[in-house]
Amino acid sequence: AKSAILVDANSGQVIYEKNPHEKLPIASVTKVMTMLLTMEALERKQVNLSDMVNISSRAAGMGGSQLYMEEGEQQSLENLMKGIAICSANDACVAVAEYIGGSEELFVQNMNKRAAELGMLNSNFINTNGLPVEGHYSTAYDVSLMSRELLKHNKIHEWLTVWMTTITVGLPTKKQTQLEITNTNRLIKTYPGANGIKTGYTGEAGYCLSASATKGNMTLVSVVLGAPSTNIRFSESAKLLDYGFAVYDSINIASQNQIIGKVKVDKGKADYVNAVTKENVSVLIKKEEKQNIRKEIPTATAAAESVL
């Protein structure tokens, strides 16, 4: 592959990298960001999975992998997300973007804004689905950032791990079709613990894959870009994941919302406030170093001095 990276999903620690910041076309791996913005809109209650989305002529006219929807058809937002996550549907991406962003162009602006917020410094999105266009690129490292962020949303795992399902498509005034869709990520079926995320292929981008798997309390994200064949992208991703799980372990330090101490408050209504973890805290270590880990909570004074 032209570029690759293996990271711990919890801590973000890089385990392996090869040309991680090389700007490359990423094909349908782009849809990781499309799915992320949709999940965040759902979390804000801006939209609901039961919302019915009108399929525009532009969405219906998308080529490549698709749900073969017709102009004027309506699909639930949940069905569209299934189409994106499972069979990499280009038409579903455009429909979702138009519904959430108001237009595909505005949605793409938000994709680039979110990328900047995540620290994706070497990425630029021109469309929502990764179809070939000049100036649309990312890197293995940047893909790992948005992939890790997407995996924080529990609902997405319900779709990413589906191997095969059916969706009813077509206008009700015509003959509707029960479309059988199959996951483009075959690691879901062949790799123990695999739970995502997104394949991609164009002639320019080659064969790409952002893959994730969980064993025990450790989740790893492997990104492979520009592989010469579909078999190689899957085999190389599996080798990266195998290496990570064989050599490393993730140690939980604190759970989300866990009270880990008290901080003295000067001139406040209360003398002390609880120090609470914003999210799960873990460290990645080599397995032979597990016995060397110790946890220490600094005093409020020491913590304040370290910040200053």
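Predicted model: local features only at pLDDT ≥ 70, side-chain atom pairs only at ≥ 80, totals over all residues.
## Helix α3, an enclosed segment

A residue counts as buried here when its relative accessible area is under 20%. The buried residues of α3 are Leu77, Asn79, Leu80, Met81, Gly83, Ile84, Ala85, Ile86 and Cys87. That makes 9 of the 11 residues in the helix, which spans residues 77–87, so α3 is largely enclosed by the rest of the structure. Just after the helix comes serine 88, whose phi is positive, at about 60 degrees.

How do the axes of α1 and α5 cross? Helix α1 covers residues 31–43 and helix α5 covers residues 104–117; their axes come within 10 Å and cross at roughly 90 degrees. The two helices are therefore roughly perpendicular to each other. On the α1 side, the contact is made by Met33, Thr34, Leu36, Leu37, Thr38 and Glu40, while α5 contributes Phe107, Asn110, Met111, Arg114 and Ala115.

## The nonpolar cores

The largest nonpolar core holds 64 residues, and the members that touch the most others are Met33, Leu67, Phe125 and Met146. Helix α1 supplies the largest share of this core, with 8 residues. In soluble globular proteins, nonpolar side chains tend to be buried together.

Leaving aside residues up to four places away in sequence, phenylalanine 125 touches Ile26, Thr30, Met33, Val108, Met111, Asn112, Ala115, Met120, His136 and Met146.

Is leucine 240 buried or exposed? Its relative accessible area is 11%, below the 20% cut-off, so leucine 240 is buried. This residue sits in helix α9, which runs over residues 230–247.

Which residues does leucine 240 touch, not counting those up to four places away in sequence? They are Ala4, Ile5, Leu6, Tyr16, Ser222 and Val224. Valine 7 lies 233 residues from leucine 240 in sequence, yet the C-alpha to C-alpha separation of the two is 9.7 Å.

## A covered hairpin strand

Strand β7, residues 194–202, is mostly covered, with 8 of its 9 residues buried. Its antiparallel partner is strand β8 (residues 206–215), and 8 bridges join the two. Together β7 and β8 form a hairpin with 3 residues between them. One of the bridge pairs is threonine 202 with glycine 206 of β8.

Methods: Residues numbered from 1 in each chain as written. Heavy atoms only, no water. Buried < 20%, exposed > 50% of the residue type's maximum accessible area, 1.4 Å probe, protein only. Helix = DSSP H or I, 4+ residues; strand = E, 2+ residues; numbered from the N terminus. Pairing = 2+ DSSP bridges. Axes fitted to C-alpha atoms, helices over the stretch in contact; angles between N-to-C directions. Parallel < 35°, antiparallel > 145°, perpendicular 65-115°, else oblique. Contact = heavy atoms within 4.5 Å. Core = buried A, V, L, I, M, F, W, Y, C linked by side-chain atoms within 4.5 Å.
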